[in-house]
Amino acid sequence: MQIGNLFADAQAPGEGERFEALLTHRNLVVERIVSSARIQPTLYTQPQDEWVALLQGEAELDVAGETVVLRAGDYLFLPAGTPHTVRRVAEGSVWLAVHLH
């Protein structure tokens, strides 16, 4: 048994985002993402489905050409192949991402 805390050691990096795998099991990857407000918007188009929850902070994304604003507690399902970009994010935002391969 392994016990952890999603908010432990969750200080924002100086810039960009920090990705940490919390669980990898069969076709499932669960990761924590901690964001700096100083990000370089990057286009992601992933081969796997992704469910993401914003646990702390707020963010603005472009999802397949549509602006999506997330606040703490909001979640979003991104089917495989869906282009998405984080445009703006609050300093210290914490995400939980579940990837289904």
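Read along the sequence, this predicted model follows the pattern β-β-β-β-β-β-β-β-β. The count is 9 strands and 0 helices. The radius of gyration is 13 Å, close to the 13 Å that the globule rule gives for 101 residues, so the protein is as compact as a globular protein of that length. Its C-alpha trace spans about 40 × 30 × 20 Å along the principal axes.

**Surface and contacts**

Of the 101 residues, 37% are buried. The accessible surface comes to about 6,100 Å², and carbon and sulfur atoms hold 54% of that area.

An open sheet is formed by 5 strands, in the order β1-β2-β9-β4-β7, with antiparallel pairing. β1 and β7 stand at the edges; each has a single partner strand, so one side of each is left without a neighbour in the sheet. On average, neighbouring strands of this sheet are turned by 20 degrees against each other, direction ignored. Strands of a sheet pair through backbone hydrogen bonds, either parallel or antiparallel.

Within the sheet, β4 and β9 pair in the antiparallel sense over 7 bridges. Trp51 stands opposite Val98 in β9.

| β1 | residues 17–25 |

Is Thr24 buried or exposed? The relative accessibility of Thr24 is 59%, and since a residue counts as exposed over 50%, Thr24 falls in the exposed class. Thr24 and His99 are 75 residues apart along the chain, while their C-alpha atoms are separated by 9.5 Å.

The relative accessible area of Thr85 is 5%, and because buried means under 20%, Thr85 is a buried residue. Which residues does Thr85 touch, not counting those up to four places away in sequence? They are Pro41, Thr42 and Leu43, together with Glu60, Leu61 and Asp62.

Definitions and conventions. Residues are numbered from 1 along each chain as its sequence is written. This is a predicted model: local features need pLDDT of at least 70, side-chain atom pairs count only at pLDDT 80 or more; totals for chains, interfaces and linings use all residues. Side-chain values use heavy atoms; hydrogens and water are left out. Two strands pair if DSSP finds at least two bridges between them. Helices (H or I, at least four residues) and strands (E, at least two) are DSSP runs, numbered from the N terminus. Axes are lines fitted to C-alpha atoms, for helices over the stretch in contact, and angles run from 0 to 180 degrees between N-to-C directions. The radius of gyration is taken over C-alpha atoms; the globule rule is 2.2 Å times the number of residues to the power 0.38. Buried means under 20% relative accessible area, exposed over 50%, partly exposed in between (1.4 Å probe, protein chains only). Accessible areas come from the Shrake-Rupley method with a 1.4 Å probe; for residues, only the protein chains shown count as cover. Contact means heavy atoms within 4.5 Å.
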